[in-house]
There are 2 protein chains.
Amino acid sequence: MIVIKIGGGEGINHRAVFENLAKLIASGTQAIVVHGANHEMKELCERLDLPQRMITSVSGYESRYTDVATMEAFTMAYCGKVNTTLTALARQCGVNAIGMSGVDGGLMSATRKKAIRAVEDGRKILIRDDYSGKIESVNRELLQMLTGAGYVPLISPPALSEEFEPVNVDGDRAAAEIAAAVGAEKLVILSNVPGLLRDVADENSLIPLIERGNVEAFEAFAKGRMRKKVMGAVEAIDMGVGEVVFADARIEAPIDAALDGKGTVIRP
Amino acid sequence: MIVIKIGGGEGINHRAVFENLAKLIASGTQAIVVHGANHEMKELCERLDLPQRMITSVSGYESRYTDVATMEAFTMAYCGKVNTTLTALARQCGVNAIGMSGVDGGLMSATRKKAIRAVEDGRKILIRDDYSGKIESVNRELLQMLTGAGYVPLISPPALSEEFEPVNVDGDRAAAEIAAAVGAEKLVILSNVPGLLRDVADENSLIPLIERGNVEAFEAFAKGRMRKKVMGAVEAIDMGVGEVVFADARIEAPIDAALDGKGTVIRP
């Protein structure tokens with residue numbers, strides 16, 4: 001079993017990802033796909049005149065401020081537009097995809113963060129109207145039933161809180177939780193960069209291998225969105241996933257390349 | 001097995017529907033839910049400044065003109081906002097709901113109507129850029145696997161065309177196809193009216209019973225959206241569904257009332 005996370009940024013070659021996946025499945029691989037939709041979410045918020053605000057946690061991680069109106073747009077962009085479009089495309093490419101979110105069938109249960117300590121303009125603030133959460137459990141039986149029957153779950157945030165509210169969860173960390181829940185050998189995190197770079201301005205500065213024990217030495221290179229990817233990778237390895245690869249999804253056969261180690265490989 | 005269609009108009013008491021459904025399921029009933037989202041679709045189109053246009057077919061049926069931009073909004077309103085919200089609410093009410101659209105897992109396959117003969121301002125026109133379709137098949141095995149495992153599929157249009165395009169299909173007719181595919185004994189079509197009325201302005205003019213053989217005598221009473229509901233009911237009966245009920249979803253325990261025959265009952 002492999003889990004593929006497809007980033008939500010611009011420039012991803014989705015057709016190449018799904019054509020590659022169809023070939024892998026034909027040769028016997030079982031797979032689960034998790035996707036983001038950050039770029040489409042930004043576009044929709046602009047069309048809806050919805051202000052977008054980022055929260056920086058006291059430990060320095062950035063996340064999207066998700067009030068009720070933003071969560072409504074989130075479900076429309078992630079579950080409505082992107083999940084439906086990607087499921088249709090995957091099926092066209094020969095992947096027996098079944099689109100779903102963490103809400104469906106209790107797939108991803110989360111605890112909502114009811115009060116978030118954040119830093120804004122150098123001041124510490126407490127945010128109480130945010131609908132973000134931390135995944136507590138994954139419905140492994142549902143995923144096993146679907147993959148066992150030949151389907152490829154194509155999964156989008158949000159998750160569902162203990163009070164049955166859809167909550168924003170980070171896609172990379174969701175992919176890590178899912179990979180761990182199903183006992184995946186590999187988690188491939190595809191995005192629009194070649195992997196973790198020493199210098200974000202230089203695509204030739206790729207870090208090819210990180211061992212879990214040394215991860216702290218590389219954390220300083222992870223900027224912005226890449227920080228959550230590193231966090232997800234570490235979580236996945238610590239929960240027993242054999243290998244995580246950050247790889248480029250702008251190329252042909254991106255999954256083959258990732259499984260060949262082209263990207264940043266993170267190992268126990 | 002019963003199939004419940006929940007209309008997409010204003011005033012539906014969704015909580016009452018799902019609380020009622022949870023009790024029925026606890027007493028051994030298997031169920032599948034299909035929903036509309038017409039009201040939310042209208043609201044989203046207004047927010048997006050997307051012009052809404054209705055098509056009247058040469059046989060007099062109204063449907064939504066669904067070009068590429070409208071289909072994008074359609075997936076956002078139906079699959080994104082409404083399906084996610086209803087799935088979360090159903091789960092809160094104790095229904096083990098799994099939200100999905102006709103695209104997911106090849107649930108509803110359709111033929112896209114590539115040229116629609118319509119009437120506009122009294123003139124016949126041919127519309128070629130519409131993404132609407134007719135359902136050709138339902139993935140019965142997927143529904144049986146999910147219901148057999150204790151899940152309640154909560155299904156939204158669109159369907160997927162033979163060229164892998166999401167296509168708009170009428171929710172009532174989709175519910176009829178699904179009810180027939182799974183061999184449902186009853187199809188309950190809930191909306192914000194008590195059933196088929198002789199006079200749409202008078203809620204006391206309910207037609208309590210229609211036999212399939214006499215349906216033509218009642219078709220003249222069906223106006224607007226109700227015409228498609230009658231068409232769906234006739235299709236369901238002709239495909240072997242035991243009984244169809246049009247009933248009111250603005251009340252408490254709306255499914256019990258419908259199963260008790262409170263509404264318009266259509267029988268073979």
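In the predicted model, chain B contains an open sheet of four strands, arranged in the order S4-S3-S7-S8 with antiparallel pairing. Strand S4 (62-64) and strand S8 (123-127) of chain B lie at the edges, each pairing on one side only. Direction ignored, neighbouring strands of this sheet are turned by 50° against each other on average. Strand S7 (residues 116-120) of chain B pairs with S8(B) in the antiparallel sense, over five bridges. In this part of the sheet, Val119(B) stands opposite Lys124(B) of S8(B).

Helix H1 (residues 14-26) of chain B packs against helix H3 (residues 68-92) of chain B, with the axes 9 Å apart and at an angle of about 45°. H1(B) is therefore oblique to H3(B). The crossing of the two helices, H1(B) and H3(B), is right-handed. H1(B) contributes His14(B), Arg15(B) and Phe18(B) to the contact, and H3(B) contributes Leu86(B), Leu89(B) and Ala90(B). By class, the residues in the contact of H1(B) with H3(B) are four nonpolar, one polar and one charged.

Between the chains, the contact takes 28 residues from chain A and 28 residues from chain B. On the side of chain A that touches chain B, the elements giving two or more residues are helix H3 (68-92) and strand S5 (97-101) of chain A. H3(A) gives the most to this side, with 11 residues. The residues of the side of chain A that touches chain B comprise 13 nonpolar, nine polar and six charged.

Technical notes: Residues numbered from 1 in each chain as written. Chains lettered and ligands numbered in written order. Predicted model: local features only at pLDDT ≥ 70, side-chain atom pairs only at ≥ 80, totals over all residues. Contact = placed C-beta atoms within 7 Å. Nonpolar A, V, L, I, M, F, W, Y, C, P; charged D, E, K, R; others polar. Pairing = 2+ DSSP bridges. Axes fitted to C-alpha atoms, helices over the stretch in contact; angles between N-to-C directions. Parallel < 35°, antiparallel > 145°, perpendicular 65-115°, else oblique. Left-handed = near helix turned anticlockwise from the far one by under 90°.
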